[in-house]
Amino acid sequence: MANSLSLRRISSMSNNGWDRLFKAKTMVRAGLQPYEVVHERGIHQVRHYLPLTEDEIMVGESVVPVSKTRNPIPLVLVAPLAVNMYVYDLLPERSLVRYLMAQGFDVYLVDWGCPTRKQAGLTLNDYIADFLPECLNAVREHSGSKKLNLQGWSMGGGMVLAYTALFKDADIHSIVTYGTPIDGHANGAIGKQYQKLAHVLKTARLNFRKVPAKLLYTPGWANVIGFKLLDPVGSLKGYWSLFTQLDNREYVAQHANQAAFIDSLEAYPGGALRDWFCSIWLENETARGQFKVGKQVAYFADIKCPVLGVAGKSDNLANVSCCKAIVNVVGSDVKEFFIGPGGHIAIMSGKDAPNTIWAKTVSWINAQS
């Protein structure tokens, strides 16, 4: 009996290992939720996810009924640069967009596309003052609603805050940020290193903002390596867990889906990367409640709508101390900070996100209505 079980386990490990190595695409179930493109300009577009046809959906291991009550204000997800959109719809049972639609939201997603060297010169001024307003206007025209709820993950949250502050958009009904750094110098050891670097550059009278944008263009493969180097131990643990659970088909499939996202990061336009690096990590101007947008300055005190900031308890890229400063800088009367489980990616698509971070997001936005 024991020999039979061992043989079956070895056979499962062999089959799963072969499929993971050579047929990984057949195991990927990310990005399957249907959508229509309601706006497109160059490489970026706005997706509108088509309503669910089911009466209930699986979220993790739980059955969630699809709400018949619709929220009249659309929810627009603003992605950060350098990521692909798989993270928003990682698995049918772990899909943020499906969960939000099941909770009654009309969901749109701003996808910044796949920058090449042709887009190397794009700056955050292009994204915040030009592209994002155009995308939000497209959502308003398509949905028929002037008011919008906005959610931004990481840099996407910074774009949302800067846009709302710069244009003083009174029709932004609420803002939710996930893992958005505000006080860069409070970001643990790496924050202290950036603070020292800023001092060195200032002493040497060197202005990093004057570095030509095209010199800072970062290809996707470099972003993949850089992301994994931020948590090398965690990356190794992930592969070790895969090896130890190679006989578990479901675990191997989840690993393949996660890898489809992490191993397929997009490039950073050099100008946008330079602007973000300066504002957040070097100059740390966001901790003072401001953000340079080209020749203009967005003051976060001008944000008056309700704001919810979310951070991951074990996020190494933007830690709790770095993110919680959001409640100090926005001018909103209603503002809250919430700490959820997981790291920078897990707050978006981790197994614990639905019952914690996603549920908090839905209940909080509904409370503002």
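User: How do you know that the length of α4 fits a helix?

Analyst: The expected span of a helix is 1.5 Å times one less than its number of residues. With 20 residues (124-143), α4 should span 28 Å, and its end C-alpha atoms are 26 Å apart, so the two agree. This is a predicted model, where local features need pLDDT of at least 70 and side-chain atom pairs count only at pLDDT 80 or more, while totals for chains, interfaces and linings use all residues. Residues are numbered from 1 along each chain as its sequence is written, and side-chain values use heavy atoms, with hydrogens and water left out.

User: Where does α4 bend?

Analyst: At F131, by about 35 degrees. That's the angle between axes fitted to the seven residues ending there and the seven starting there. A proline, P133, follows within four residues. Just after α4 comes G144, with a positive phi of about 80 degrees.

User: Which residues of α4 are called buried?

Analyst: Buried means under 20% relative accessible area, exposed over 50%, and partly exposed in between (1.4 Å probe, protein chains only). In α4, residues that pass include Y127, I128, F131, L132 and P133. R140 is on the buried list too. Across the protein chain, buried residues make up 53% of the 369 residues.

User: Why is α5 called largely enclosed?

Analyst: Because 12 of its 13 residues are buried, the rest of the structure largely encloses α5. Among them are G156, G157 and G158, along with M159 and Y163. α5 (residues 155-167) reaches 18 Å from its first C-alpha to its last, close to the 18 Å expected. K168 follows α5, and its phi is positive, near 50 degrees.

User: What makes D130 and R41 a salt bridge?

Analyst: You need a side-chain nitrogen of Lys or Arg within 4 Å of a carboxyl oxygen of Asp or Glu. For D130 and R41 the closest N and O atoms are 3.1 Å apart, within that limit. D130 sits in helix α4 and R41 in strand β1 (residues 35-41), so the pair ties together parts that are 89 residues apart in sequence. Side chains of opposite charge can pair when their charged atoms come close.

User: Are D130 and R41 buried, partly exposed or exposed, and how do you know?

Analyst: D130 has a relative accessible area of 31%, and R41 is at 32%. Both values fall between the cut-offs, so D130 and R41 count as partly exposed.

User: What about D111 and R47: how far apart are their closest N and O atoms?

Analyst: 3.5 Å, and the two form a salt bridge. D111 lies in strand β6 (residues 107-111) and R47 in strand β2 (residues 44-49), so this pair joins parts that are 64 residues apart in sequence. Both D111 and R47 are buried.

User: Which residues are linked in a network of salt bridges?

Analyst: R209, E283, E285 and K292. Within it, the side chains of K292 and E283 meet at 3.3 Å, N to O. K292, at 31% relative accessible area, is partly exposed, and so is E283 at 27%. The structure holds 16 salt bridges.

Technical notes:
Helices (H or I, at least four residues) and strands (E, at least two) are DSSP runs, numbered from the N terminus.
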